[in-house]
There are 2 protein chains.
Amino acid sequence: MSLTYAFGKNTIFSSQIFMYSKYCFGFVNLKPVLPGHVLVASFRVVQRFSDLTSEEVSDMYISAQKIGKIVEREYNGTSLSLVMQDGPEAGQTVPHCHVHIIPRKVGDFVENDDIYKEINKSTRVDNEEREPRSLEEMDKEATHLRQFF
Amino acid sequence: MSLTYAFGKNTIFSSQIFMYSKYCFGFVNLKPVLPGHVLVASFRVVQRFSDLTSEEVSDMYISAQKIGKIVEREYNGTSLSLVMQDGPEAGQTVPHCHVHIIPRKVGDFVENDDIYKEINKSTRVDNEEREPRSLEEMDKEATHLRQFF
(Lines give C-alpha, C1' and ligand atoms only; values in the text may rest on other atoms or scores of the structure.)
Protein backbone atom coordinates (compact mmCIF):
# COMPACT_ATOMS: atom_id res chain seq x y z
CA MET A 1 0.00 0.00 0.00
CA SER A 2 1.26 3.45 -0.81
CA LEU A 3 0.09 7.00 -0.38
CA THR A 4 -0.38 8.84 -3.65
CA TYR A 5 -0.14 12.46 -4.73
CA ALA A 6 -1.71 14.09 -7.74
CA PHE A 7 0.73 15.71 -10.16
CA GLY A 8 -1.47 17.01 -12.92
CA LYS A 9 -3.13 13.94 -14.36
CA ASN A 10 -0.28 11.79 -13.09
CA THR A 11 -0.18 9.87 -9.85
CA ILE A 12 2.97 10.07 -7.77
CA PHE A 13 3.39 7.25 -5.30
CA SER A 14 5.09 8.06 -2.01
CA SER A 15 7.62 5.38 -2.92
CA GLN A 16 8.80 7.64 -5.77
CA ILE A 17 9.50 10.53 -3.39
CA PHE A 18 13.03 10.75 -2.02
CA MET A 19 13.03 14.19 -0.40
CA TYR A 20 10.62 16.36 1.53
CA SER A 21 11.49 19.95 2.38
CA LYS A 22 9.29 22.52 4.08
CA TYR A 23 7.36 23.41 0.93
CA CYS A 24 8.49 20.95 -1.74
CA PHE A 25 9.11 17.32 -2.57
CA GLY A 26 11.62 15.62 -4.82
CA PHE A 27 10.61 12.55 -6.82
CA VAL A 28 11.92 10.21 -9.46
CA ASN A 29 10.57 10.31 -12.96
CA LEU A 30 8.27 7.88 -14.75
CA LYS A 31 10.08 8.53 -18.02
CA PRO A 32 13.47 10.13 -17.35
CA VAL A 33 15.20 11.63 -20.37
CA LEU A 34 18.56 10.64 -18.87
CA PRO A 35 19.56 8.57 -15.83
CA GLY A 36 19.05 10.58 -12.65
CA HIS A 37 16.52 12.98 -14.18
CA VAL A 38 14.39 13.92 -11.18
CA LEU A 39 11.86 16.61 -10.35
CA VAL A 40 11.15 18.95 -7.47
CA ALA A 41 7.64 20.38 -7.09
CA SER A 42 5.85 22.58 -4.60
CA PHE A 43 3.38 20.93 -2.25
CA ARG A 44 0.94 23.67 -3.09
CA VAL A 45 -0.61 23.04 -6.48
CA VAL A 46 -0.03 26.21 -8.48
CA GLN A 47 0.75 26.37 -12.17
CA ARG A 48 3.10 29.29 -12.51
CA PHE A 49 6.40 30.23 -10.87
CA SER A 50 4.89 33.64 -10.13
CA ASP A 51 2.25 31.89 -7.98
CA LEU A 52 4.89 30.77 -5.47
CA THR A 53 5.67 32.81 -2.36
CA SER A 54 9.25 33.96 -1.82
CA GLU A 55 9.61 31.29 0.86
CA GLU A 56 8.49 28.61 -1.59
CA VAL A 57 10.86 29.91 -4.29
CA SER A 58 13.79 29.80 -1.87
CA ASP A 59 12.89 26.36 -0.62
CA MET A 60 12.38 24.98 -4.14
CA TYR A 61 15.77 26.10 -5.43
CA ILE A 62 17.74 25.38 -2.26
CA SER A 63 16.21 21.90 -2.56
CA ALA A 64 17.12 21.79 -6.26
CA GLN A 65 20.70 22.71 -5.38
CA LYS A 66 20.90 19.89 -2.80
CA ILE A 67 19.28 17.38 -5.12
CA GLY A 68 21.49 18.44 -8.00
CA LYS A 69 24.67 17.76 -6.02
CA ILE A 70 23.43 14.28 -5.15
CA VAL A 71 22.18 13.18 -8.56
CA GLU A 72 25.23 14.58 -10.33
CA ARG A 73 27.44 12.53 -8.05
CA GLU A 74 25.29 9.39 -7.97
CA TYR A 75 24.84 9.28 -11.76
CA ASN A 76 28.43 10.23 -12.59
CA GLY A 77 27.50 13.54 -14.17
CA THR A 78 29.84 16.48 -14.68
CA SER A 79 27.17 19.15 -15.13
CA LEU A 80 23.47 19.73 -14.50
CA SER A 81 20.55 21.05 -16.49
CA LEU A 82 18.08 22.92 -14.25
CA VAL A 83 14.98 23.76 -16.22
CA MET A 84 11.61 25.21 -15.36
CA GLN A 85 9.06 25.22 -18.14
CA ASP A 86 6.86 27.91 -16.68
CA GLY A 87 3.64 27.81 -18.67
CA PRO A 88 2.38 25.88 -21.70
CA GLU A 89 4.21 27.99 -24.27
CA ALA A 90 7.47 27.08 -22.52
CA GLY A 91 6.67 23.39 -22.87
CA GLN A 92 4.98 22.82 -19.50
CA THR A 93 2.67 19.83 -19.78
CA VAL A 94 1.80 19.35 -16.10
CA PRO A 95 0.14 22.48 -14.61
CA HIS A 96 1.94 22.16 -11.29
CA CYS A 97 5.09 24.26 -10.87
CA HIS A 98 8.21 22.08 -10.91
CA VAL A 99 11.92 22.06 -11.76
CA HIS A 100 13.66 19.41 -13.85
CA ILE A 101 17.09 18.44 -12.50
CA ILE A 102 19.16 16.41 -14.94
CA PRO A 103 22.73 15.16 -14.53
CA ARG A 104 24.73 15.73 -17.68
CA LYS A 105 27.93 14.29 -19.07
CA VAL A 106 29.92 14.44 -22.27
CA GLY A 107 28.13 12.76 -25.14
CA ASP A 108 24.86 12.15 -23.31
CA PHE A 109 23.00 13.49 -26.32
CA VAL A 110 24.37 13.49 -29.83
CA GLU A 111 23.41 17.10 -30.11
CA ASN A 112 23.79 18.53 -26.62
CA ASP A 113 20.44 20.25 -26.50
CA ASP A 114 18.29 17.54 -27.95
CA ILE A 115 17.66 16.96 -24.27
CA TYR A 116 15.20 19.83 -24.20
CA LYS A 117 13.01 18.23 -26.81
CA GLU A 118 12.82 15.21 -24.55
CA ILE A 119 11.95 17.13 -21.41
CA ASN A 120 8.56 18.08 -22.76
CA LYS A 121 7.64 14.45 -22.95
CA SER A 122 9.12 13.42 -19.64
CA THR A 123 6.21 14.28 -17.39
CA ARG A 124 3.46 13.04 -19.68
CA VAL A 125 1.98 9.69 -18.94
CA ASP A 126 0.41 9.61 -22.38
CA ASN A 127 3.74 9.86 -24.17
CA GLU A 128 4.07 6.69 -26.18
CA GLU A 129 7.62 7.26 -27.34
CA ARG A 130 9.34 6.21 -24.15
CA GLU A 131 8.40 3.20 -22.09
CA PRO A 132 7.23 4.12 -18.61
CA ARG A 133 9.32 2.54 -15.89
CA SER A 134 7.93 0.06 -13.44
CA LEU A 135 7.02 1.09 -9.92
CA GLU A 136 9.65 -1.33 -8.69
CA GLU A 137 12.38 0.39 -10.67
CA MET A 138 11.30 3.83 -9.47
CA ASP A 139 10.98 2.64 -5.89
CA LYS A 140 14.50 1.23 -6.01
CA GLU A 141 15.91 4.49 -7.33
CA ALA A 142 14.04 6.61 -4.78
CA THR A 143 15.16 4.33 -1.96
CA HIS A 144 18.76 4.80 -3.03
CA LEU A 145 18.44 8.59 -3.20
CA ARG A 146 16.45 8.92 0.02
CA GLN A 147 19.45 8.02 2.18
CA PHE A 148 21.18 11.28 1.19
CA PHE A 149 18.45 13.58 2.49
CA MET B 1 31.65 56.67 -19.47
CA SER B 2 30.35 53.48 -17.99
CA LEU B 3 31.40 51.05 -15.31
CA THR B 4 32.03 47.58 -16.61
CA TYR B 5 31.76 44.11 -15.15
CA ALA B 6 33.47 40.96 -16.31
CA PHE B 7 31.14 38.11 -17.28
CA GLY B 8 33.47 35.39 -18.41
CA LYS B 9 35.27 36.86 -21.38
CA ASN B 10 32.40 39.27 -21.96
CA THR B 11 32.16 42.82 -20.72
CA ILE B 12 28.88 43.92 -19.20
CA PHE B 13 28.38 47.68 -19.13
CA SER B 14 26.47 49.11 -16.20
CA SER B 15 24.06 50.54 -18.76
CA GLN B 16 23.02 46.94 -19.57
CA ILE B 17 22.10 46.22 -15.96
CA PHE B 18 18.49 46.86 -14.98
CA MET B 19 18.32 45.26 -11.54
CA TYR B 20 20.55 44.89 -8.52
CA SER B 21 19.56 42.68 -5.62
CA LYS B 22 21.60 41.85 -2.53
CA TYR B 23 23.69 39.17 -4.25
CA CYS B 24 22.79 39.33 -7.94
CA PHE B 25 22.30 41.57 -10.94
CA GLY B 26 19.97 41.37 -13.91
CA PHE B 27 21.15 42.45 -17.34
CA VAL B 28 20.04 42.53 -20.94
CA ASN B 29 21.60 40.23 -23.47
CA LEU B 30 24.06 40.99 -26.25
CA LYS B 31 22.44 38.35 -28.43
CA PRO B 32 18.97 37.48 -27.11
CA VAL B 33 17.41 34.35 -28.57
CA LEU B 34 13.98 36.00 -28.27
CA PRO B 35 12.85 39.52 -27.33
CA GLY B 36 13.12 40.03 -23.58
CA HIS B 37 15.69 37.26 -23.04
CA VAL B 38 17.62 38.51 -20.02
CA LEU B 39 20.04 37.04 -17.51
CA VAL B 40 20.52 37.11 -13.77
CA ALA B 41 23.97 36.34 -12.36
CA SER B 42 25.54 36.29 -8.92
CA PHE B 43 27.91 39.14 -8.05
CA ARG B 44 30.33 36.55 -6.78
CA VAL B 45 32.11 34.88 -9.66
CA VAL B 46 31.58 31.16 -9.21
CA GLN B 47 31.03 28.65 -11.96
CA ARG B 48 28.63 26.13 -10.50
CA PHE B 49 25.23 26.39 -8.83
CA SER B 50 26.62 24.30 -5.99
CA ASP B 51 29.15 27.07 -5.31
CA LEU B 52 26.40 29.48 -4.27
CA THR B 53 25.39 29.90 -0.63
CA SER B 54 21.75 29.31 0.31
CA GLU B 55 21.30 33.06 0.62
CA GLU B 56 22.61 33.54 -2.90
CA VAL B 57 20.38 30.78 -4.28
CA SER B 58 17.31 32.35 -2.68
CA ASP B 59 18.22 35.80 -3.88
CA MET B 60 18.96 34.61 -7.42
CA TYR B 61 15.64 32.85 -7.89
CA ILE B 62 13.49 35.40 -6.06
CA SER B 63 15.12 37.90 -8.42
CA ALA B 64 14.43 35.60 -11.38
CA GLN B 65 10.78 35.37 -10.33
CA LYS B 66 10.48 39.19 -10.18
CA ILE B 67 12.30 39.65 -13.46
CA GLY B 68 10.22 36.93 -15.12
CA LYS B 69 6.96 38.67 -14.23
CA ILE B 70 8.22 41.93 -15.72
CA VAL B 71 9.71 40.60 -18.95
CA GLU B 72 6.73 38.32 -19.61
CA ARG B 73 4.42 41.32 -19.32
CA GLU B 74 6.64 43.82 -21.14
CA TYR B 75 7.33 41.47 -24.07
CA ASN B 76 3.77 40.13 -24.31
CA GLY B 77 4.71 36.60 -23.34
CA THR B 78 2.35 33.98 -21.99
CA SER B 79 4.98 31.69 -20.44
CA LEU B 80 8.62 31.74 -19.37
CA SER B 81 11.63 29.50 -19.87
CA LEU B 82 13.91 29.56 -16.81
CA VAL B 83 17.11 27.72 -17.59
CA MET B 84 20.38 27.25 -15.79
CA GLN B 85 23.11 25.50 -17.77
CA ASP B 86 25.15 24.43 -14.79
CA GLY B 87 28.49 23.31 -16.18
CA PRO B 88 29.96 22.87 -19.67
CA GLU B 89 28.25 19.54 -20.38
CA ALA B 90 24.91 21.30 -19.83
CA GLY B 91 25.81 23.94 -22.42
CA GLN B 92 27.30 26.57 -20.10
CA THR B 93 29.70 28.75 -22.08
CA VAL B 94 30.37 31.49 -19.52
CA PRO B 95 31.87 30.08 -16.30
CA HIS B 96 29.87 32.41 -14.05
CA CYS B 97 26.66 31.01 -12.59
CA HIS B 98 23.59 32.57 -14.22
CA VAL B 99 19.95 31.96 -15.09
CA HIS B 100 18.38 32.61 -18.49
CA ILE B 101 14.90 34.15 -18.30
CA ILE B 102 13.03 34.09 -21.59
CA PRO B 103 9.47 35.23 -22.28
CA ARG B 104 7.66 32.72 -24.46
CA LYS B 105 4.57 32.89 -26.62
CA VAL B 106 2.77 30.66 -29.09
CA GLY B 107 4.74 30.14 -32.26
CA ASP B 108 7.93 31.84 -31.07
CA PHE B 109 9.93 28.90 -32.34
CA VAL B 110 8.79 26.62 -35.13
CA GLU B 111 9.69 23.70 -32.96
CA ASN B 112 9.08 24.84 -29.39
CA ASP B 113 12.37 23.65 -28.00
CA ASP B 114 14.64 24.86 -30.71
CA ILE B 115 15.07 27.68 -28.23
CA TYR B 116 17.46 25.58 -26.21
CA LYS B 117 19.82 25.18 -29.10
CA GLU B 118 19.95 28.93 -29.31
CA ILE B 119 20.58 29.50 -25.62
CA ASN B 120 24.02 27.98 -25.83
CA LYS B 121 25.04 30.66 -28.24
CA SER B 122 23.39 33.55 -26.46
CA THR B 123 26.12 34.39 -24.00
CA ARG B 124 29.04 33.92 -26.36
CA VAL B 125 30.52 37.01 -27.87
CA ASP B 126 32.30 34.89 -30.42
CA ASN B 127 29.08 33.50 -31.84
CA GLU B 128 28.97 34.63 -35.43
CA GLU B 129 25.48 33.37 -36.19
CA ARG B 130 23.60 36.19 -34.55
CA GLU B 131 24.51 39.84 -34.88
CA PRO B 132 25.42 41.42 -31.55
CA ARG B 133 23.19 44.33 -30.62
CA SER B 134 24.49 47.85 -30.26
CA LEU B 135 25.17 49.33 -26.84
CA GLU B 136 22.53 51.93 -27.62
CA GLU B 137 19.90 49.29 -28.19
CA MET B 138 20.83 47.42 -25.01
CA ASP B 139 20.95 50.66 -23.02
CA LYS B 140 17.47 51.58 -24.23
CA GLU B 141 16.07 48.20 -23.22
CA ALA B 142 17.73 48.25 -19.79
CA THR B 143 16.49 51.78 -19.17
CA HIS B 144 12.95 50.65 -19.91
CA LEU B 145 13.21 47.65 -17.59
CA ARG B 146 15.00 49.51 -14.81
CA GLN B 147 11.89 51.49 -13.90
CA PHE B 148 10.16 48.33 -12.67
CA PHE B 149 12.75 47.47 -10.03
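Predicted model: local features only at pLDDT ≥ 70, side-chain atom pairs only at ≥ 80, totals over all residues.
**Entry one: the core.** I began with the largest nonpolar core, which has 54 residues. Which residues have the most contacts inside it? I found A:Y61, A:I101, B:Y61 and B:I101. I then picked A:Y61 and looked up its neighbours, leaving aside residues up to four places away in sequence.

**Entry two: the helix pair.** Next I turned to helix α1 of chain A and helix α1 of chain B, each covering residues 54-74. Their axes come within 8 Å and cross at roughly 125 degrees. That angle makes α1(A) oblique to α1(B), and the crossing is right-handed. I noted who makes the contact: from α1(A) come A:S54, A:V57, A:S58, A:Y61, A:I62 and A:Q65, and from α1(B) come B:S54, B:V57, B:S58, B:Y61, B:I62 and B:Q65. What kinds of residue are these? I read six nonpolar, six polar and no charged.

Last, I visited A:M19, found in strand β3 (residues 17-20) of chain A. Is A:M19 buried or exposed? It counts as buried, because its relative accessibility is 6%, and the cut-off for buried is under 20%. Beyond residues up to four places away in sequence, A:M19 touches A:C24, A:F25, A:G26, A:V40, A:S63, A:I67 and A:F149. I looked again at A:F149: it lies 130 residues from A:M19 in sequence, yet the two are 6.2 Å apart in space, C-alpha to C-alpha.

Definitions and conventions: Residues numbered from 1 in each chain as written. Chains lettered and ligands numbered in written order. Heavy atoms only, no water. Core = buried A, V, L, I, M, F, W, Y, C linked by side-chain atoms within 4.5 Å. Buried < 20%, exposed > 50% of the residue type's maximum accessible area, 1.4 Å probe, protein only. Contact = heavy atoms within 4.5 Å. Axes fitted to C-alpha atoms, helices over the stretch in contact; angles between N-to-C directions. Helix = DSSP H or I, 4+ residues; strand = E, 2+ residues; numbered from the N terminus. Parallel < 35°, antiparallel > 145°, perpendicular 65-115°, else oblique. Left-handed = near helix turned anticlockwise from the far one by under 90°. Nonpolar A, V, L, I, M, F, W, Y, C, P; charged D, E, K, R; others polar.
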